[in-house]
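Subject: Structure handover

Hello,

Here is the structure we talked about. Please open it alongside this note. My findings follow below.

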Amino acid sequence: MSSAIDKPEPEPSTFRWMNADGWRVVMARAIRSFGYGFTSILLGITLTSAGFSTIEVGLVLTAALVGDIIAIILVALFADRIGRRRVLVFLALLMVVSGLAFAFSRNLFVLLLAAFFGTLSPSSADNAPFAAIEQAILPQTCTAQRRMDAFARYNLMAQLAGAAGGLAVIIPDILHRTMGMETAFAVRAMFAGYALIALAMGTLFLSLSDKIETPYREPRTLQSAMIKSGKPLQKSRGIVLRLAALFALDAFAGGLVVQTILSLWFHIRFGVPLAALGALFFGTNLLAALSFPVAAWLAKRIGLLNTMVFTHLPSNFLLMLVPFMPTFPLAALCLLARQSLSQMDVPTRQAYTMTLVAPDERTAAASLTTMARSVALSLSPLLAGALLTGAALTLGLPFLLCGGLKAAYDLLLYSIFRKVKPPAS
């Protein structure tokens, strides 16, 4: 039964251990992350410059995250039934519309609708409904022995692209200096470019083969009954619910310092310009990308769970040091040190989840854990926006709350799952 997932048909030698569909998924995630890389930095600063308050910026981010939650619920229930490829292409088209709206409108209602129905990430991280389907597809593109490598490559390429996207925020400044283009117009052009990126991603999804669809075909009546009962998870239900609850705590904490909030904090606290912010977030994303191969290497030696916890915990204490730094260079140094460790749990978390659940429940498991993260994440931006004013800004409360909650998550995860042994693949 697991052979359909763990032993895909051989592909041309150029793809080696991962088949062509796997590489298309990796590339689609990468170009999406490039778009997230620059929009997450530009969004908050651009909206505040246009007259929106930090609370309204938080509201736009919340609308985007709530829209993702609803999309993820629908993905969990219907993606395997409708077809993974069709759903991915449809989501890409919604992303195109979202990019165009932010390029050509400054009406709050329009932006809220675009954020809700499209996919707009407040960070270079990817909690969008795309990820739930992609994570279910990846195990079908390689052997079980290379699963961790597949997730590491998936996240490595995305993080490198996100780093390049972060550096791309200097483009408006370059266009202003060399061509005299108004910075505001150049920023709008960047959001139009985001729409083009979504279109390219949709083209990649169209080229996926039928092999990426779920290998299990339950009778229609049984599948309908599962949907109506609201229980697409059966064998793995208990484990996935515990993971989802813990991942929600981690995501809520992370939502307090997403890239949009970080860029706003550095801009307000130290007056950092876009070019310097672009360089900073290029560095943070590059360090995160370089940590993924290390995470894969560590996981093979000390295990997935140990890698998740023992790399994540010290990064939280580094984060809590950031607001205590008196100058931008020192604060940036702490953030860079933190980022070199904080993302090592991402591919290990994804691989760990896919390892613990039954193969025919991977889409539902990825959707539920992604949804839990998105629900929790949607609650943070409004709070974070409120904490970017007055004394709370100076004290750096978003950093302190985030670091403390994430440390609690690490300790709880380790205590609950340290004795749980993954089933044989």
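How many disulfides does a search of the whole structure find? The search finds 0, a disulfide being a pair of cysteine sulfur atoms within 2.5 Å.

Some ground rules. This is a predicted model, where local features need pLDDT of at least 70 and side-chain atom pairs count only at pLDDT 80 or more, while totals for chains, interfaces and linings use all residues. Residues are numbered from 1 along each chain as its sequence is written, and side-chain values use heavy atoms, with hydrogens and water left out.

Overall fold

The protein has 20 helices and 0 strands. Both are DSSP runs numbered from the N terminus: helices are H or I with at least four residues, strands are E with at least two. Of the 425 residues, 56% count as buried. Buried means under 20% relative accessible area, exposed means over 50%, and partly exposed lies in between (1.4 Å probe, protein chains only). Take the contacts with a separation of 6 or more: residues 24 or more positions apart account for 87% of them. Contact means heavy atoms within 4.5 Å.

Cysteines

Cys142 counts as buried because its relative accessibility is 1%. Cys334 is buried too, at 11%.

Core

In soluble globular proteins, nonpolar side chains tend to be buried together. Here the largest nonpolar core has 115 residues. Such a core is a set of buried Ala, Val, Leu, Ile, Met, Phe, Trp, Tyr and Cys residues joined through side-chain atoms within 4.5 Å. Phe102, Phe130, Phe205, Phe266 and Leu413 have the most contacts inside it. Leaving out residues up to four places away in sequence, Phe266 touches several residues, including Val272, Leu277, Val322 and Phe328. Phe266 also belongs to an aromatic cluster with Trp265, Phe270, Phe328 and Phe399.

Aromatic pairs

The whole structure holds 15 aromatic pairs. Rings of Phe, Tyr and Trp (its six-membered ring) pair if their centres lie within 6.5 Å; planes under 30 degrees apart count as stacked, over 60 as edge-to-face and the rest as tilted. Phe151 and Tyr154 form an edge-to-face pair, 6.5 Å centre to centre with 90° between the planes. Both lie in helix α7 (residues 147-167), 3 residues apart, about one turn of the helix. Phe151 is buried at 0% relative accessible area. Tyr154 is buried, also with a value of 0%.

Tyr352 and Phe417 are edge-to-face because their ring centres are 6.2 Å apart and their planes are at 80°. Tyr352 sits in helix α16 and Phe417 in helix α20, so this pair ties together parts 65 residues apart in sequence. Tyr352 is buried at 3% relative accessibility. Phe417 is buried at 1%.

Helix α11

This helix covers residues 237-254. Its 18 residues should span 26 Å, and the end C-alpha atoms are 25 Å apart, which agrees. The expected span is 1.5 Å times one less than the number of residues. Its buried residues include Leu243, Phe247 and Asp250. Among the elements covering the buried residues of α11 are α14 (304-321), α16 (345-356) and α20 (397-417).

Ser40

Ser40 is in helix α2 (residues 20-49). It is buried, because its relative accessibility is 0%. Its side chain makes a polar contact with the side chain of Gln259 at 2.8 Å. A polar contact is a pair of N or O atoms within 3.5 Å; within protein, one must be able to donate a hydrogen and the other to accept it, and residues adjacent in sequence count only if both atoms are side-chain atoms. The backbone oxygen of Gly37 lies 3.4 Å from a polar atom of the Ser40 side chain.

Best wishes
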